Amino acid sequence: MRESAFGTDRSIQEEIELLRSAERGLRNRGIEQADIAVVLGSGLKDFAAGLEEAIELPLHSIQEFPKVRVRGQGGMLVQGWLGETLVHCLTGRVHLYEGYHPWEVVRAVHSLAMLGTPNFFLTNAAGGIREDLMPGSLMLLTDHLNLAATNPLVGSHNESLGPRFPALNEVYDPRGRKVLRSCDPGHGLREGVYAQLLGPSYETPAEIRMVRTLGGDAVGMSTVPEAIALHAMGCRVFGLSVITNRAAGLSVEAPSHQEVLDETIRAAERFEVLLNRAIPELAMIRDPVKKTRAKRTKAKGPKKASRKTPQKASQKTPPKGSAKDGGKRSKR
Ligand code: HPA
């Protein structure tokens, strides 16, 4: 049964049961708390191929996860090592425009956060609005405009996924942006505000003028639900757009999915160099002041019922050996 994005009759308790069940499924297949998770947008899946000692899991093998259907997305969860950093890669996501409920859109990242992974790097393809955001540019997200007319926190509420009214002043971690800027090979990394519209149609030129007036620098159809849900849970979020085209009305060509895929492939090398350099450093950022934080499990501790829900706002101390604890773990 599909419900609308505004459906409020779903019980958050049922959703939490699904998340717990997904978490169990992941653990049973060898997926555990990583230092950082990377969500790879359309055409960006090759980064995952560079991970060592990889476990590769088709996302459809976790029955609680909605099906990834968009061309250009890999549909896999890959867990592997980048040096001393344990990384999850999701090569595919589901979108609001596919008709999925916002809770379904964020379910995979929620499940990884419930495993205890504290850092999330969200990537996407986007159309450039600001003049300097030409195809091939990489843009760090400084903020977003949620123009998708929904929010993953709509509906009944459970404190274990974050507060009822989370502040969104700093969704995209500023220290992460500093790290990413210092790791950029060409030092041409841009920064800007990402506007998410619902899609799946590309925008009209009038809508692009509206987004520009509202302060949007680039436009796309993903990322914002995940960023809101993860930030609310207390996870650290980094965002990066690969600019694949000039937004509608700003070039003679109308945007097309093929152009988006082709341009992402062209930008992939620079994107991968940046990620390879930045990910180990991003995973080590420490944050003693965050109010809420996803629960992290100790690397090999015994399972307890109480460890199956994310850490509450009041539980602030990261476990020893976690990325935020500054601890490095040896390879298992
Ligand atoms: N608009 C919306 N989404 C996009 C675009 C665009 O121009 N390019 C890549 N994803």
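Reader: Which residues of helix α4 (residues 174–183) are buried?

Author: A residue is buried if 20 or more other C-beta atoms, placed from the backbone, lie within 10 Å of its own, and exposed if 12 or fewer do. Helices are DSSP runs (H or I, at least four residues), as strands are (E, at least two), numbered from the N terminus. This is a predicted model, in which local features need pLDDT of at least 70, side-chain atom pairs count only at pLDDT 80 or more, and totals for chains, interfaces and linings use all residues. Within α4, the buried residues are Gly176, Val179 and Leu180.

Reader: Why do the buried residues of α4 line one face of the helix?

Author: The arc is that of the directions from the helix axis to the C-beta atoms. Seen down the axis of α4, the buried residues line one face because they fall within an arc of 95 degrees.

Reader: Which exposed residues does the face of α4 turned away from its buried side carry?

Author: Residues are numbered from 1 along each chain as its sequence is written. On the face turned away from the buried side of α4, the exposed residues are Pro174 and Ser182.

Reader: Which strand gives the largest share of the shell around the ligand?

Author: The shell has eight nonpolar residues (Ala, Val, Leu, Ile, Met, Phe, Trp, Tyr, Cys and Pro count as such), four polar and one charged (Asp, Glu, Lys and Arg), the others, Gly among them, counting as polar. At least two residues each come from β5 (119–128), β8 (218–220) and β9 (236–246). The largest share, three residues, is that of β5.
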